[in-house]
Protein chains: 2
Amino acid sequence: VDCIGLGIPVHHIEALLPSLLDKLKPSQVVFDVGSTKLSICESIQNHPKRGQFVAAHPLAGTEYSGPSAAFEGLFQNKKNIICQEQLSSPQALEMVLELFDSLGMQTMFMGAADHDKHMAYVSHLSHISAFNLGLTVLDIEEDEKQIFNLAGTGFESTVRLAKSNPHTWAAIFSKNSKYVSEALTSYIGHLQVFKEVLDANDNETAIQLMQRSNEIKRVLDGIKLNRVKLS
Amino acid sequence: VDCIGLGIPVHHIEALLPSLLDKLKPSQVVFDVGSTKLSICESIQNHPKRGQFVAAHPLAGTEYSGPSAAFEGLFQNKKNIICQEQLSSPQALEMVLELFDSLGMQTMFMGAADHDKHMAYVSHLSHISAFNLGLTVLDIEEDEKQIFNLAGTGFESTVRLAKSNPHTWAAIFSKNSKYVSEALTSYIGHLQVFKEVLDANDNETAIQLMQRSNEIKRVLDGIKLNRVKLS
């Protein structure tokens with residue numbers, strides 16, 4: 001083969017990559033598509049064949065996993081991230097870029113630590129939020145059997161990621177523990193402040209906090225606009 | 001008019017309802033569509049014209065508000081809740097049921113306190129979760145300008161409700177403060193346990209918690225199945 005792609009849980013990528021690189025012929029390239037990048041890059045940072053590896057993270061997928069979760073157009077107009085591109089050989093980088101280009105993806109370059117920090121906030125935290133929202137409402141279901149008859153599309157939307165694969169996500173949280181813990185501390189802090197404000201019946205401050213959060217409109221509209229521009 | 005529907009923030013419904021009932025002719029009916037029910041029902045529980053009022057909550061809508069947020073089929077195959085139906089006159093109940101039936105909704109009956117408790121968990125908590133996820137990531141954006149370039153569909157899904165109207169939701173949280181505070185305490189507790197588990201790098205427990213949360217699949221599949229059955 002010319003090119004090997006690793007799409008397995010991140011701790012397995014890290015465990016497998018050094019010995020896989022050992023076995024590569026000079027013309028062969030390996031890339032990964034794991035959701036964390038720093039510890040994977042560190043696992044082979046001094047490997048003599050580091051240039052034959054490209055660290056990638058295509059930002060595409062759903063709460064479902066495995067081959068049956070694939071669908072046509074899954075990658076179209078989505079972002080791909082490549083980390084430490086300066087440590088990949090120009091040939092390896094070109095081969096992998098060509099592959100992601102052909103899927104209709106737009107590739108961005110960034111540092112591995114920056115990638116992991118950003119992902120902690122805009123992806124990993126969303127999963128933790130959904131998993132724990134699921135746990136909270138499943139608790140109450142034990143006494144209130146009919147509760148889910150009342151669940152609407154808002155609940156569906158916020159809890160959707162709670163269907164994600166526990167083994168995949170345990171590995172991601174573990175390999176990105178520093179930034180995930182930081183993001184989660186910040187989130188819990190915001191929730192505690194919000195609770196104090198509600199408990200004090202301080203509507204004015206509650207409104208101010210929600211108005212600030214409304215700025216997310218700008219962000220989400222930006223995401224959509226960008227997809228349109230790409231298509 | 002034969003029938004008046006109140007679709008305004010819940011504290012305004014509560015403030016307006018007694019004087020509106022005062023003015024009703026014997027043949028006229030008023031109903032509300034507010035997201036909380038207990039304090040609204042209490043505001044007119046001893047009113048001599050209580051029978052001319054129907055307390056309703058159609059579970060339909062998006063994160064957008066106002067007339068421009070309406071679309072065809074918004075109510076089709078969705079649930080409607082009527083509380084304290086035994087305190088409405090048979091004529092008033094029939095008139096309002098006919099209206100929701102004609103929109104394609106399925107009406108359920110339940111107590112006002114039960115309604116408010118259930119909604120705290122399957123609707124109000126989702127909004128608090130999204131508002132605070134928005135605040136957490138907007139904080140980090142101050143230092144990391146490019147962070148939202150990396151936001152994917154998972155983030156969009158969990159944060160979508162953060163676009164909701166702050167005045168509407170401040171009123172809902174305030175009028176359902178007991179159950180909202182209870183739900184939020186439980187949610188924060190789950191997040192704190194999850195953080196301790198991650199910080200201890202206890203992958204086995206993390207996986208168990210996420211597997212338990214995966215049960216939400218059954219719930220969400222049930223919601224979809226029910227919509228299909230209704231249609």
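# A tour of two chains

Start in the sheet of chain A. Select strand E3, residues 53-58, and strand E4, residues 79-83. These two strands of chain A run antiparallel, and four bridges join them. Keep in mind that this is a predicted model.

Now zoom in on Pro58(A). Which residue is its bridge partner in E4(A)? The partner is Asn80(A).

**The whole sheet of chain A**

Five strands make up an open sheet, in the order E1-E2-E3-E4-E5 (chain A), and their pairing is mixed.

**A helix across the strands**

Select residues 10-23 of chain A. This is helix H1, and it lies across E1, strand E2 (29-32) and E3 of chain A. Compare directions: H1 runs at about 165° to E1(A).

**Chain A from end to end**

Chain A has nine helices and five strands. Follow it along the sequence and the pattern reads β-α-β-α-β-β-α-β-α-α-α-α-α-α. Its C-alpha trace spans about 65 × 40 × 35 Å along the principal axes.

Stop at helix H7 of chain A, residues 177-199. Select Lys195(A) and Asp199(A), which both lie in this helix. They are four residues apart, about one turn of the helix. Side chains of opposite charge can pair when their charged atoms come close. Here Asp199(A) and Lys195(A) form a salt bridge, with the closest N and O atoms 2.6 Å apart. Over all chains, the whole structure has 18 salt bridges.

**Over to chain B**

Select E3 of chain B, residues 53-58. Four bridges pair this strand with E4(B) in the antiparallel sense. Pro58(B) stands opposite Asn80(B).

**Where the chains meet**

Bring chain A back. How many residues of chain B are in contact with chain A? There are 88, and they touch 88 residues of chain A. Between them the two chains bury about 8,700 Å², 66% of it on carbon and sulfur atoms. Pick out Val122(B), Leu150(B) and Lys163(B). These supply 8% of the area that chain B buries against chain A, more than any other three residues.

Now look for charges. Four salt bridges are counted between chain B and chain A. Zoom in on Asp139(A) and Arg212(B): their side chains meet in a salt bridge (3.6 Å, N to O). Polar contacts cross the interface too, in 27 residue pairs.

Finish by colouring the side of chain B that touches chain A. Several elements give two or more residues to this side, among them strand E4 (79-83) and helix H8 (203-213) of chain B. Which element gives the largest share? H4(B) does, with 21 residues. By type, the residues on this side are 43 nonpolar, 27 polar and 18 charged.

Note on methods: Residues numbered from 1 in each chain as written. Chains lettered and ligands numbered in written order. Predicted model: local features only at pLDDT ≥ 70, side-chain atom pairs only at ≥ 80, totals over all residues. Heavy atoms only, no water. Pairing = 2+ DSSP bridges. Contact = heavy atoms within 4.5 Å. Axes fitted to C-alpha atoms, helices over the stretch in contact; angles between N-to-C directions. Buried area = accessible area lost by both parts, 1.4 Å probe. Polar contact = N/O pair within 3.5 Å; in protein donor to acceptor, adjacent residues only side chain to side chain. Nonpolar A, V, L, I, M, F, W, Y, C, P; charged D, E, K, R; others polar.
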